[in-house]
Structures are given as C-alpha cells and as structure tokens.
Amino acid sequence: MDLMDTRQLLYFRAVVDNGSFTHAAESLDMTQPSLSLSIRKLEKELNAQLLSRGRSGVSTTEAGDYVYETAVKVDALLSETQRHISEITGDKASTVSLASGAILNWEFTPAALAELKRIYPTANISLDDAEPATAIKHLLDGQVDLALLPTSDPKAFIRRYSPELTVHQVATFDYSVALPQRLAELESPVSLAELKKETWLVPPRSRELPELAEFYHDLWNSRPGLKPEKTQEVASLNSAIPMVSSGLGVSIVPNCAPTVQPHGIITRPIADDLPRYYAIVAYRTDRELTAAAQDLVDILRSPQRTLA
C-alpha cells in the first residue's frame with residue numbers, strides 16, 4: 001500500500017472544512033477534477049470510504065472522522081515545527097499570526113497592531129478575520145498564535161476553555177442603539193423601553209463564544225420590562241446593519257463597531273444601565289509565543305482599554 005502524504009491530508013481537510021469539492025478547490029487554487037482524483041486515491045490507499053456525497057455537500061464517514069482528526073494533528077505539528085525551526089534560525093521572533101473578530105477590526109485591532117509595528121518595524125503580521133467559532137478552532141489547531149475575540153461573558157469563555165487556553169480580558173465597551181432614520185426624533189439618550197414595539201434584530205447564539213445573542217437573553221431575563229414585542233434573527237451584526245438602514249428594525253451595537261455610520265442609520269447612546277461588552281485575547285497554554293506575539297499580548301493588556 002502506498003503511504004499517504006501530507007498534501008492528501010491537506011486536501012482532505014479542505015474538503016471537509018469547506019463542505020464541498022467546489023469550494024475546497026477554490027480555496028486550494030486547484031481544479032475540482034484534480035482534487036476529486038486526490039481524494040479518491042486517498043480512499044483507495046486506505047481501502048475505506050472517507051466521505052459521503054449528497055445534495056447538501058459532503059460529510060465524513062466514521063473512517064473520515066479519524067482521518068480528519070489526523071489531518072488536524074499533522075497540520076498543527078508541521079506548523080509548530082516550522083515555527084520552532086524559524087525561531088532557531090532567527091527568522092520568526094518578529095512574526096505573529098492573529099485571528100481577530102470582525103467587529104474589532106475597524107478600530108481596536110488596528111490600533112494595537114500599529115503599536116506592535118512601531119516595536120517591530122519589519123514584523124511579519126498575518127490577520128485572520130474568520131467568524132469567532134472558526135477563529136477558536138484555528139487557535140486550538142495551532143494555525144494562529146493568538147485569538148482576539150468579542151464576547152458578552154469572558155468568564156463563561158474562560159470556564160469552557162481553561163486550562164487549554166490562557167485568556168486575558170483586554171477591553172470593555174459600552175453600547176449604542178442603531179436606529180433607522182424614521183426614529184431620528186427620539187431624544188438622546190434612548191431608553192430601550194421606548195423601542196419595545198420595534199423589531200429587534202438579534203444574531204444567533206454561539207456555542208463556542210457568548211456574544212450579543214447571549215447578552216440579549218440575559219438582559220431580557222433579568223429585566224423583562226425591556227423585552228421587545230417582536231424579534232428577528234439575523235446572521236450576524238453585520239447583516240443587521242443594512243436591515244436597520246432599510247427601516248426593518250433596530251439593533252444594539254457595541255461601541256467597538258465603526259464610528260462611520262452607514263447611510264440611513266443613526267446611533268444613540270442608551271439611557272439604561274447595561275452590562276458591558278468585552279474583548280479578550282487567548283492563546284494556547286502549552287504553546288510558547290513568539291516575541292512579537294507576546295509583545296502584542298502585553299500591548300493589549302496594558303493599559304486595559306475601555307471605550308465608552
């Protein structure tokens with residue numbers, strides 16, 4: 001039997017992560033027939049079916065689950081090996097890979113990276129703006145050094161991932177409310193009770209990281225008088241913004257969101273005393289950070305940043 005190589009594992013993982021051969025081939029910059037041939041060859045070498053193909057995409061078989069776990073471990077091991085070898089040769093000390101939540105990437109993350117760049121003018125910085133669940137996965141897999149994440153409950157995140165991850169709270173944020181132009185006459189600050197008859201646009205709950213959905217849930221449970229008559233689930237805060245602009249609802253927005261207001265939207269401070277929103281930085285406890293990554297952690301932690 002021929003031995004599988006790391007490229008086959010890379011290709012197999014890409015298919016599983018993307019959920020289809022088409023998207024995987026695009027991410028790998030290769031043709032779909034070539035990718036399909038590689039996966040068929042891998043299945044033949046292992047004498048096992050690894051993927052089930054259906055209308056909704058591909059899913060792993062029991063054997064495929066095992067091979068996927070192996071692919072993740074091999075990828076993490078190769079990345080770790082490359083990192084250590086580069087440090088030995090003196091090429092990696094000023095290198096840092098960061099996964100950062102999209103809502104932080106307008107103002108908060110760029111300010112920290114600019115400060116890091118002043119310390120390491122020739123730093124090699126890579127930024128992954130994946131969704132938080134994917135960012136956490138990449139962090140655990142060893143694909144990135146650090147994850148900078150927004151959350152409504154840092155303690156819940158720490159309880160879930162300790163001691164595998166070391167987590168620091170690095171910023172707190174207040175909230176504003178995003179309103180369509182038809183509500184421009186509301187006086188500032190706005191009490192959320194004034195918006196009970198409006199449709200509130202609520203992102204879905206996340207199993208990996210407490211975010212705005214959990215904030216809403218806790219708020220309405222503790223203060224039912226603020227609960228709106230109607231809510232509508234949206235894919236994310238980013239997708240809520242054009243709906244607010246179109247007059248379809250209102251949304252609470254953490255003040256780490258962009259200060260430039262999209263067309264058709266006004267923001268108002270909130271009169272009610274609300275819990276805070278947070279940014280946390282996390283890294284694997286068992287992994288030694290590069291000098292640049294450690295300095296970025298220090299930049300984020302000192303001083304602790306609070307944006308009103």
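All eight of the eight residues of strand β12 (residues 277-284) are buried, so this strand is largely enclosed by the rest of the structure. The model is a predicted one. Within β12, Tyr277, Ala279, Val281 and Tyr283 point one way, while Tyr278, Ile280, Ala282 and Arg284 point the other way, and all of them are buried.

Two strands that pair with β12 can be followed next. Strand β5 (residues 146-151) pairs with β12 in the antiparallel sense, over five bridges. In this pairing Leu149 stands opposite Ile280 of β12. Strand β6 (residues 165-173) also runs antiparallel to β12, and eight bridges join the two. Here Leu165 has Arg284 in β12 as its bridge partner.

Together with Tyr175, Trp200, Phe215, Tyr216 and Trp220, Tyr277 forms one aromatic cluster. The structure holds eight aromatic pairs. In the pair of Trp200 and Tyr216, the ring centres are 5.8 Å apart and the planes stand at 70°, so the pair is edge-to-face; planes over 60 degrees apart count as such. This pair links distant parts of the chain, with Trp200 in strand β8 (residues 199-202) and Tyr216 in helix α8 (residues 212-222), 16 residues apart. Both Trp200 and Tyr216 are buried.

Just after the helix comes Asp29, which takes a positive phi of about 55°.

Another helix to look at is α6 (residues 132-141), in which Pro132, Ala135, Ile136, His138, Leu139 and Asp141 are buried. The residue that follows α6 is Gly142, with a positive phi near 85°.

Last comes the confidence of the prediction. The pLDDT averages 87 over the chain, and 91% of the residues score at least 70. Over residues 304-308 the pLDDT is below 50, and in the model this stretch has 21 contacts beyond near neighbours in sequence.

Key
Residues are numbered from 1 along each chain as its sequence is written. This is a predicted model: local features need pLDDT of at least 70, side-chain atom pairs count only at pLDDT 80 or more; totals for chains, interfaces and linings use all residues. Side-chain values use heavy atoms; hydrogens and water are left out. Helices (H or I, at least four residues) and strands (E, at least two) are DSSP runs, numbered from the N terminus. Rings of Phe, Tyr and Trp (its six-membered ring) pair if their centres lie within 6.5 Å; planes under 30 degrees apart count as stacked, over 60 as edge-to-face and the rest as tilted. Buried means under 20% relative accessible area, exposed over 50%, partly exposed in between (1.4 Å probe, protein chains only). pLDDT is the predictor's confidence in each residue, from 0 to 100. Contact means heavy atoms within 4.5 Å. Two strands pair if DSSP finds at least two bridges between them.
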